[in-house]
Amino acid sequence: MQYRIDPKSNNKLSVLGLGCMRLPRNSQGQDGWGKAERIINDAIEKGINYFDTAYLYGKSEEVLGQALEKSGKREQVFIATKLPHNKCISAEDFDHYFNQQLARLKTNYIDYYLIHNLSSPASFDRLLSIGIGSWINAQKAAGKIRQIGFSFHGTQPEFPELLEAFDWDFCQIQYNYMDENYQAGRVGLIKAHEKGMAVIIMEPLFGGKLATGLPKQAQRLFKEADSSRSPAAWALEWLWDQPEVTVVLSGMNTHEQLEENSKTAFKTSKGMLSEEDHATIAAAVDVFRSAYKVNCSGCNYCMPCPQGINIPSCFAAYNARYVTGYISAMTLFVTSAVTSAPGKKNVPSACVECGACEKLCPQNIPIIAELKAAKRVLEPFFLDAALWFYWKLAGEASRTKDVYS
């Protein structure tokens with residue numbers, strides 16, 4: 001495993017971190033957390049020492065805490081987790097959630113603590129007004145928080161303002177070759193680095209789409225340039241090529257993903273990509289942008305929908321229509337987007353335009369308008385028959401999800 005130095009703490013961090021939001025879970029039984037624990041332990045064996053979770057990630061904190069307690073490897077890793085600041089109304093709430101997190105993670109300190117999903121200076125000003133600054137300083141003085149930072153989902157002009165709003169140690173931004181100029185973007189990455197902050201990268205594969213959801217033409221471009229590198233490797237190497245990047249988080253939920261990404265991390269280095277490599281990636285970006293209709297990464301922040309619509313899966317199927325064809329799109333739509341019981345259709349047309357999803361979307365997608373567009377493609381006259389056939393063959397068991405809800 002390759003490592004990079006956090007300039008504020010001098011910690012030696014693995015270039016590949018495990019993002020725990022999408023950890024796998026068995027559908028039934030007492031061994032429900034077994035798959036996740038095995039991936040956590042395997043990641044540690046491969047040299048990964050940065051584990052990212054959050055209060056809002058379902059059972060993720062408990063799973064990570066349990067795995068580290070069983071293995072006795074808490075001191076070998078750095079835990080990053082996040083405060084759900086939108087739930088905090090008074091200063092007492094900071095302790096309320098933080099103490100819950102310590103208990104879940106079975107630890108008495110957090111290595112890297114983040115204010116979750118800060119989108120603007122105004123959102124942090126609200127926290128300052130109820131005492132977040134003095135609370136952070138007290139926790140750091142007591143050794144309960146080692147490094148303080150924030151995850152960002154706002155616009156590029158707001159990011160530098162947030163960098164100056166507090167004495168941060170690190171930050172976490174969404175960044176990949178499709179999002180080079182989105183949210184904080186390359187400009188924000190450079191500014192944070194110049195302030196001596198570690199920069200943690202989330203969504204490096206754009207919700208997995210840069211690994212398994214590329215248009216065929218983009219796949220061909222990468223294969224013709226270097227058939228030994230997978231699409232995921234191209235995306236990760238694009239990030240590690242940049243010296244300002246400290247850790248790249250990947251939500252690896254299978255041992256195969258962990259194995260592949262670790263092998264890429266073992267051989268990575270700053271400035272490793274050639275001019276030809278960058279030209280290939282730029283060409284793939286052009287293909288990708290021309291094919292995809294909705295810039296959804298599948299983060300699920302918009303969920304749950306009050307009407308039961310599986311919004312990310314609807315958009316995945318809608319995009320698939322233009323990338324892999326109509327049959328594969330409808331198969332994906334019926335088997336993953338439509339998650340209601342037989343006789344009910346939680347489809348785009350069920351949207352009542354309440355706007356709850358748009359308030360939560362970190363990509364600022366006009367979800368209501370895009371659902372209307374998806375409806376025109378995904379709800380043909382024969383949808384009822386397709387759903388009946390699906391439920392007849394698959395039954396309720398097919399709706400079991402292998403992710404945390």
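Confidence in this predicted model averages a pLDDT of 84, and 87% of the residues score at least 70. Among the elements, strand 2 (residues 12-14) has the highest mean pLDDT, 97. Helix 17 (residues 383-394) has the lowest, 55. Residues 27-31 form one of them, with three contacts beyond near neighbours in sequence. Residues 394-405 are also below 50, but this stretch has 27 such contacts in the model. Where pLDDT is low, the predicted coordinates should not be read in detail.

The secondary structure comprises 17 helices and 10 strands. Of the 405 residues, 54% are buried. The accessible surface comes to about 17,400 Å², and carbon and sulfur atoms account for 50% of it. Among contacts with a separation of 6 or more, 76% join residues 24 or more positions apart.

The largest nonpolar core contains 81 residues. Leu-18, Phe-150, Ile-173 and Tyr-177 have the most contacts inside it. Helix 10 (residues 231-240) gives the most to this core, with seven residues. Beyond its neighbours within four places in sequence, Tyr-177 touches Leu-210, Leu-214, Phe-222, Ala-235, Trp-238, Ile-281 and Val-285. A second core is separate and has 22 residues. Cys-302, Cys-361, Ile-365 and Ala-373 are among its members.

The whole structure holds 17 salt bridges. One of them pairs Glu-259 with Lys-46, with the closest N and O atoms 2.7 Å apart. This pair links distant parts of the chain, 213 residues apart. Glu-259 lies in helix 11 (residues 255-266), and Lys-46 in the loop between helix 1 (34-45) and strand 4 (50-52). Glu-259 is partly exposed, at 32% relative accessibility. Lys-46 has 18% and therefore counts as buried, the limit being under 20%. Both residues belong to a network of salt bridges that also includes Asp-42 and Lys-263.

Lys-140 and Asp-169 meet in another salt bridge, with an N to O distance of 2.7 Å. Lys-140 lies in helix 5 (residues 132-141), and Asp-169 in the loop between helix 6 (158-164) and strand 8 (170-174), so the bridge ties together parts 29 residues apart in sequence. Lys-140 is partly exposed at 29% relative accessibility, whereas Asp-169 is buried at 8%. Arg-229 pairs with Asp-226, the closest N and O atoms being 3.2 Å apart. Arg-229 is buried, with a relative accessible area of 14%.

Methods
Residues are numbered from 1 along each chain as its sequence is written. This is a predicted model: local features need pLDDT of at least 70, side-chain atom pairs count only at pLDDT 80 or more; totals for chains, interfaces and linings use all residues. Side-chain values use heavy atoms; hydrogens and water are left out. A nonpolar core is a set of buried Ala, Val, Leu, Ile, Met, Phe, Trp, Tyr and Cys residues joined through side-chain atoms within 4.5 Å. Buried means under 20% relative accessible area, exposed over 50%, partly exposed in between (1.4 Å probe, protein chains only). Helices (H or I, at least four residues) and strands (E, at least two) are DSSP runs, numbered from the N terminus. Contact means heavy atoms within 4.5 Å. Accessible areas come from the Shrake-Rupley method with a 1.4 Å probe; for residues, only the protein chains shown count as cover. pLDDT is the predictor's confidence in each residue, from 0 to 100. A salt bridge is a side-chain nitrogen of Lys or Arg within 4 Å of a carboxyl oxygen of Asp or Glu.
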